[in-house]
Amino acid sequence: MRVLVLGGTTEARQLYGLLERHATRFYTTVSLAGVTRAPVLPALEVRIGGFGGAEGLRDWLLAHHIGAVVDATHPFATQISGNAVHACAAAHVPLLRVERPGWIPAPDDHWTIVPDMQAAARALGTRPRRVLLTVGRKDLLPFAGAGLHDWLLRSVDRPDDSLLPPGCRVLLARGPFDEAGEEALLRQERIGVIVTKNSGGSATYAKLAAARRLGVAVIMVARPPVAAARTVADAAGAMAWLDGLHAHGAATLRAV
Ligand code: NAP
């Protein structure tokens with residue numbers, strides 16, 4: 001069966017590992033947006049770049065005889081997830097989304113939960129603060145006019161300077177991060193508030209545990225709404241779904 005995995009997350013990478021071991025049953029193509037400069041690539045066929053909207057994706061699915069799509073993109077990557085819903089419906093291809101559970105505040109966390117980046121920028125207020133920004137490169141614009149804060153952005157790749165808030169320093173780093181390292185960073189930089197988005201998962205959770213211990217405030221951007229699809233929480237769930245489809249396909253073939 002030919003499978004398309006829309007990737008770019010830890011769960012996607014875990015699924016690649018499972019699919020690499022089952023290459024006789026599944027011929028997999030992994031699709032990446034091409035936004036990360038040095039992505040971690042699987043030992044599977046990889047294509048890079050957009051499809052040209054939902055219609056482009058539908059055409060690609062049909063042209064490549066895809067039997068199943070796993071959308072393992074990030075919970076904030078709502079455009080591609082919406083496109084996958086529409087394209088799969090139009091091409092009559094089964095779709096599964098892998099979506100890790102969101103983070104939930106503990107009783108001694110100091111979170112302000114906001115609906116989007118603009119609200120996060122407003123929530124910082126006007127009194128200058130030392131801010132650790134971990135919102136990703138493409139969501140920086142609302143912070144450019146958000147006040148005279150002392151900004152530290154942590155990002156996998158360096159953003160274009162024009163996107164950075166004034167005077168913002170950039171720390172290039174790729175997770176996973178551990179609690180001791182995160183606590184050291186918060187102390188060393190005397191961070192007063194972390195601005196982040198509710199990505200969920202363990203790779204970037206340590207900053208929240210460190211913030212809890214140090215009493216550092218967190219402005220948490222809630223997950224955006226996304227088009228409905230059948231969903232599992234992890235790569236193992238996706239693999240079980242694919243196995244089920246494969247078994248069903250094999251049984252149907254035996255019956256004809
Ligand atoms: P997005 O806003 O939902 O998508 C924007 C456009 O990028 C899509 O319409 C599509 O172009 C293209 N695209 C996105 N993901 C793609 C994929 N896996 N393969 C081929 N084309 C893709 O997406 P995003 O938020 O920019 O995220 C881009 C990638 O980074 C995704 O793979 C996502 O998993 C990963 N990522 C995102 C975040 C985040 O916070 N947003 C964090 C970590 C990783 P066309 O319409 O032309 O097909």
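Keep in mind that the model you're looking at is predicted.

**Exercise 1. Describe the interface of domain 1 and domain 2: how many residues touch, and how much area gets buried?**

*Solution.* First, count the contacts, with heavy atoms within 4.5 Å as the cut-off. On the domain 1 side there are 11 residues, and they meet 12 residues of domain 2. Now for the area: the two domains bury about 870 Å² between them, with 45% of it on carbon and sulfur atoms. Of the area domain 1 buries against domain 2, 55% comes from Arg37, Phe76 and Arg100, more than from any other three residues.

**Exercise 2. Work out what kinds of residues and polar links you get between the domains.**

*Solution.* Look for salt bridges, and the count between domain 1 and domain 2 is 0. Polar contacts are another story: 7 residue pairs turn up across the interface. Then sort the domain 1 side by class, which gives 6 nonpolar, 3 polar and 2 charged residues.

**Exercise 3. Which residues come nearest to the ligand, and how much of the ligand's accessible area does the protein cover?**

*Solution.* Around the ligand there are 23 residues, and the nearest are Gly7, Ser31, Phe51, Lys138 and Lys197. Next, check the backbone atoms. A backbone N or O atom of Gly49 is 3.5 Å from a ligand nitrogen atom. For Gln79, a polar backbone atom lies 2.9 Å from a ligand oxygen atom. Ile80 also has a backbone N or O atom 2.9 Å from an oxygen atom of the ligand. Finally, the ligand on its own has 800 Å² of accessible area, and the protein covers 78% of that.

Terms used: Residues are numbered from 1 along each chain as its sequence is written. This is a predicted model: local features need pLDDT of at least 70, side-chain atom pairs count only at pLDDT 80 or more; totals for chains, interfaces and linings use all residues. Side-chain values use heavy atoms; hydrogens and water are left out. Buried area is the accessible area (1.4 Å probe) that two parts lose on being put together, summed over both. A salt bridge is a side-chain nitrogen of Lys or Arg within 4 Å of a carboxyl oxygen of Asp or Glu. A polar contact is a pair of N or O atoms within 3.5 Å; within protein, one must be able to donate a hydrogen and the other to accept it, and residues adjacent in sequence count only if both atoms are side-chain atoms. Ala, Val, Leu, Ile, Met, Phe, Trp, Tyr, Cys and Pro count as nonpolar, Asp, Glu, Lys and Arg as charged, and the others, Gly among them, as polar. A residue is near a molecule or strand if one of its heavy atoms lies within 4 Å of it. Accessible areas come from the Shrake-Rupley method with a 1.4 Å probe; for residues, only the protein chains shown count as cover.
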